[in-house]
Amino acid sequence: MGDNLRSRQIMNTFLIFNDNPISNVTQRPRRKARRKLENLSSEEILSTSSDDFADYVVRDFELNPLNLDTDNPQVTIDDWGDEDPALRFQYAGNERILHLKPSPSRSSGYRAEVNDEKNYVDVYFPRRNDGYSDNELQKFQEQVKDYVKTHYRRVNSNLDEFYDEIREEATSLHEEKKEEIQQQQKRFQALGIDVIRRDDIDETLKIDEPQRRKEITVEDISKKQLGPGISDDIYHEIIEAVDAVGHGFEKSPETYSDFGEEDYRNVILTFLEMNFEGSATGETFNKDGKSDILLRNDGDNIFIAECGMWAGPQTLSGADEEGGKISQLLERYLTWRDTKAAVILFVERDSFSSILEKIPDAVEEHPLCAGLKKKKQKNWWQYSFDRPDDDSNQVDIAILSFDVSTED
């Protein structure tokens with residue numbers, strides 16, 4: 001009977017304050033803060049104070065506290081001699097903290113067992129094959145008490161340091177991102193694009209009820225459309241948003257005279273993210289490569305775009321390996337579920353009107369072009385394209401072009 005009880009005791013015990021390194025809980029505060037920031041929209045970031053955001057992040061990663069009475073433990077003795085003597089500590093709160101190993105700590109700890117119904121933890125004395133003398137009972141009582149008290153204090157100190165670190169990182173990241181968005185808004189205003197002012201918004205974190213941007217709905221699957229997609233109306237609204245940013249580039253070319261393809265793309269990305277529900281990302285893996293712009297909603301791709309500097313008709317009609325943007329979309333980035341895409345061209349030539357005349361011919365030279373679907377503006381067209389491996393499942397690709405040339 002005694003051996004069975006001892007075996008059961010060993011199976012149920014753990015090393016108090018020595019079972020799970022606290023670094024598993026407190027590592028990478030900057031990464032954790034950044035992950036929470038990335039879940040917020042631009043509107044939420046702008047309408048939130050850095051202190052409120054830091055509080056939000058700390059609350060999310062903060063452990064429920066443990067209140068451990070280290071001043072009044074009691075020695076427990078098993079009258080049958082099947083268990084070693086233990087020091088019993090009453091506790092309230094998060095029992096998980098008893099398992100955390102602080103830094104610094106002893107390389108070895110004491111066996112312990114929790115009774116979560118009566119809220120106490122028994123910390124066992126070191127094993128003695130020949131029993132315990134009175135002196136040893138007194139000595140081990142002091143050793144165990146000192147160990148528990150010291151390590152409990154260190155765990156709480158480690159956790160407080162972690163909360164301070166994550167608060168500092170969250171505050172810094174929020175301030176940096178807020179400044180970046182505000183600078184981007186100033187840039188939009190310089191372009192002549194209307195930007196909503198947020199001076200009258202309370203500095204309150206809007207996590208549960210964020211301000212809604214325009215919601216992009218995913219159409220039901222039908223015989224004509226094999227995968228999720230967006231309606232033509234929403235598609236055109238996205239294109240019109242891109243077109244508005246592009247016209248801003250054209251109005252103030254000197255402001256963006258040092259811009260390259262990636263810089264233009266980043267401005268467009270920010271504007272899309274601010275105005276449409278969903279996540280707008282750049283250089284994102286999809287299918288076999290990285291698309292320049294990818295807009296998602298509820299996990300579905302709803303809009304994919306490639307950006308490029310105009311270098312002649314081959315920019316559109318060339319093969320994938322020659323840098324042809326249409327071929328890149330069709331062969332590398334669009335899955336069978338992706339139904340709406342675009343190619344966004346930035347033209348640095350003086351004769352922009354002549355380029356506009358060349359674009360339709362360049363597009364229609366592409367072997368998978370199924371024809372013009374709609375011409376919305378002088379600088380953008382909507383074409384239908386067959387897919388390389390499925391000509392019964394067509395995809396719409398809008399071609400937009402913007403004059404970003406500057407006078408010498």
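Both faces of strand β12 are covered, with Lys340, Ala342, Ile344 and Phe346 buried on one side and Ala341, Val343, Leu345 and Val347 buried on the other. Here, buried stands for under 20% relative accessible area, exposed for over 50%, and partly exposed for anything in between, using a 1.4 Å probe and protein chains only. Strand β12 spans residues 340-347, and since eight of its eight residues are buried, it is largely enclosed by the rest of the structure. The model is a predicted one, with local features needing pLDDT of at least 70 and side-chain atom pairs counting only at pLDDT 80 or more, while totals for chains, interfaces and linings use all residues. Numbering starts from 1 along each chain as its sequence is written, and side-chain values use heavy atoms, with hydrogens and water left out.

As for partners, β12 runs parallel to strand β15 (residues 390-403), and eight bridges join the two. Pairing of two strands takes at least two bridges found by DSSP. Within this pair, Leu345 sits opposite Ser401 of β15. Helix α10 (residues 325-333) is mostly covered too, with seven of its nine residues buried. Those residues are Lys325, Ile326, Ser327, Gln328, Leu329, Leu330 and Tyr333.

Stepping back to the whole protein chain, there are 11 helices and 15 strands. These are DSSP runs numbered from the N terminus: helices are H or I runs of at least four residues, and strands are E runs of at least two. Of the 408 residues in the chain, 49% count as buried. Taking contacts between residues at least 6 apart in sequence, 68% join residues at least 24 apart, where a contact means heavy atoms within 4.5 Å.

Now for the interior. In soluble globular proteins, nonpolar side chains tend to be buried together. A nonpolar core is taken as a set of buried Ala, Val, Leu, Ile, Met, Phe, Trp, Tyr and Cys residues joined through side-chain atoms within 4.5 Å. The largest such core holds 44 residues, and the members touching the most others are Ile16, Phe17, Leu68, Val123 and Val148. At least two residues each come from α3 (29-38), α4 (42-46), α5 (50-61), β3 (66-68), β5 (86-93), β8 (120-124) and α6 (134-190). Helix α6 gives the largest share of this core, 13 residues. Val148, leaving aside neighbours within four places in sequence, is in contact with Ile16, Phe17, Leu68, Thr70, Phe89 and Val123. Another core, of 33 residues, lies apart from this one and includes Phe188, Met274, Ile293 and Ala305.

Helix α6 also meets helix α8 (residues 261-275), with axes that come within 11 Å and cross at roughly 100 degrees. Axes here are lines fitted to C-alpha atoms, for helices over the stretch in contact, with angles between N-to-C directions running from 0 to 180 degrees. On the α6 side the contact is made by Gln184, Gln185, Arg187 and Phe188, and on the α8 side by Asn266, Val267, Thr270, Phe271 and Met274.

Most residues other than glycine have a negative phi, and most peptide bonds are trans. Phe17, in the loop between β1 (14-15) and β2 (20-21), has a positive phi near 50 degrees and is buried at 0% relative accessibility. Arg28, in the loop between α2 (23-26) and α3, has a positive phi of about 55 degrees, but counts as partly exposed at 44% relative accessibility. A cis peptide bond, with omega about 0 degrees, links Ser103 to Pro104; Pro104 lies in the loop between β6 (100-101) and β7 (111-115).

Lys375, found in strand β13 (residues 369-377), is partly exposed at 43% relative accessibility. The Lys375 side chain reaches the backbone oxygen of Gln377 at 2.9 Å and that of Lys378 at 3.3 Å. Ser49, in the loop between α4 and α5, is buried at 17% relative accessible area, and a polar atom of the Ser49 side chain lies 3.0 Å from the backbone nitrogen of Asp52.

Definitions and conventions:
Polar contact = N/O pair within 3.5 Å; in protein donor to acceptor, adjacent residues only side chain to side chain.
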